[in-house]
Every structure is written in C-alpha cells, then in structure tokens.
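This report describes the secondary-structure elements of a protein chain and the contacts between them. The model shown below is predicted.

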Amino acid sequence: MAVRIRLTRLGRKKQAFYRIVVASSEAKRDGKFLDIIGTYDPMKDPAAIQIDTEKLGVWLGKGAEPTVTVRSLIKQHGAASTETA
C-alpha cells in the first residue's frame with residue numbers, strides 16, 4: 001500500500017479550501033485518510049498555508065510521497081527543510 005500526502009477538498013461551491021492529508025494512494029480524493037497534517041486556503045490573499053512540520057517529518061520518514069501540488073505548498077510554507085524528496 002503506497003501512502004501519499006495530498007489535498008482533500010472542503011467548503012462550498014466556488015469557496016473551496018483544502019486539508020493536507022496522508023492517505024492510501026488507492027483511497028478516493030475525499031475518502032478515508034490516515035492523518036491530517038495541515039490546511040490550505042487559496043481564497044485568502046495571500047493564500048493561507050498551515051502545516052504541522054512534526055507530523056510532516058514523521059510521515060516523510062515513513063515513506064509517504066507528497067503530490068506535486070503538496071510539494072509546492074510545502075516549499076511555499078517554508079517546511080522544505082523537513083522534506084527528504
């Protein structure tokens with residue numbers, strides 16, 4: 001079972017915000033997940049990104065692979081020092 005760090009969508013129509021979650025690669029986008037490690041709100045100016053760097057480091061250490069979008073959010077947040085990939 002491959003584990004991915006990815007976004008899951010919440011919010012109303014045209015007012016989306018996202019959770020950054022750790023989930024199985026086989027799970028649906030808004031389906032079951034293992035852990036919540038942060039949030040991303042693109043509606044604010046500038047976009048609000050909150051990431052728990054301790055949880056992120058733990059999951060990256062266990063081999064979880066972030067998606068391209070989440071990888072860019074990690075770099076924007078400044079938690080790139082904990083990223084191993």
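## Helix H2

On the face of H2 that is turned away from its buried side, the exposed residues are Val68, Lys75 and Gln76. The helix covers residues 68–77, and Val70, Leu73 and Ile74 are buried in it. Viewed down the axis of H2, its buried residues fall within an arc of 105°, so they line one face of the helix.

The partners of these buried residues are E1, E2, E3, strand E4 (48–51), helix H1 (53–61) and strand E5 (65–66). After H2 comes glycine 78, which has a positive phi, near 95°.

Threonine 67 is located in the loop between E5 and H2. With a relative accessible area of 18%, threonine 67 is buried. When its neighbours within four places in sequence are set aside, threonine 67 is in contact with Arg4, Ile5 and Arg6.

## The sheet

Five strands make up an open sheet of mixed pairing, in the order E4-E3-E2-E1-E5. E4 and E5 are the edge strands, each of which pairs on one side only.

Strand E1 (residues 3–12) pairs with E2 in the antiparallel sense, over ten bridges. These two strands form a hairpin with two residues between them, and lysine 14 in the turn has a positive phi of about 65°. Across this pairing, arginine 9 stands opposite tyrosine 18 in E2. E2 and E3 also run antiparallel and are joined by five bridges; here isoleucine 20 stands opposite glycine 38 in E3. E1 and E5, by contrast, pair in the parallel sense over two bridges, with arginine 4 opposite glutamate 65 in E5.

## Helices on the sheet

H2 packs on the sheet and touches E1, E2, E3, E4 and E5. The direction of H2 makes about 90° with that of E4. H1 lies across E1, E2, E3, E4 and E5, and runs at about 125° to E3.

## Aromatic residues

A pair of aromatic rings is described by the distance of the centres and the angle of the planes. One aromatic pair is present in the structure. The ring centres of tyrosine 18 and tyrosine 40 are 6.1 Å apart and the planes are at 25°, so the pair is stacked. Tyrosine 18 belongs to strand E2 (residues 15–24) and tyrosine 40 to strand E3 (residues 35–41), so the pair ties together parts that are 22 residues apart in sequence.

The two tyrosines fall into separate accessibility classes. Tyrosine 18 has a relative accessible area of 22% and is partly exposed, whereas tyrosine 40, at 18% relative accessibility, counts as buried. The cut-off that applies here is 20%, because buried means under 20% relative accessible area.

Another ring has a charged neighbour: lysine 62 lies over the face of tryptophan 59, at 4.7 Å from the ring centre.

Technical notes
Residues are numbered from 1 along each chain as its sequence is written. This is a predicted model: local features need pLDDT of at least 70, side-chain atom pairs count only at pLDDT 80 or more; totals for chains, interfaces and linings use all residues. Side-chain values use heavy atoms; hydrogens and water are left out. Rings of Phe, Tyr and Trp (its six-membered ring) pair if their centres lie within 6.5 Å; planes under 30 degrees apart count as stacked, over 60 as edge-to-face and the rest as tilted. Helices (H or I, at least four residues) and strands (E, at least two) are DSSP runs, numbered from the N terminus. Buried means under 20% relative accessible area, exposed over 50%, partly exposed in between (1.4 Å probe, protein chains only). A charge sits over a ring if NZ of Lys or CZ of Arg is within 6 Å of the ring centre and within 35 degrees of the ring normal. Two strands pair if DSSP finds at least two bridges between them. The arc is that of the directions from the helix axis to the C-beta atoms. Contact means heavy atoms within 4.5 Å. Axes are lines fitted to C-alpha atoms, for helices over the stretch in contact, and angles run from 0 to 180 degrees between N-to-C directions.
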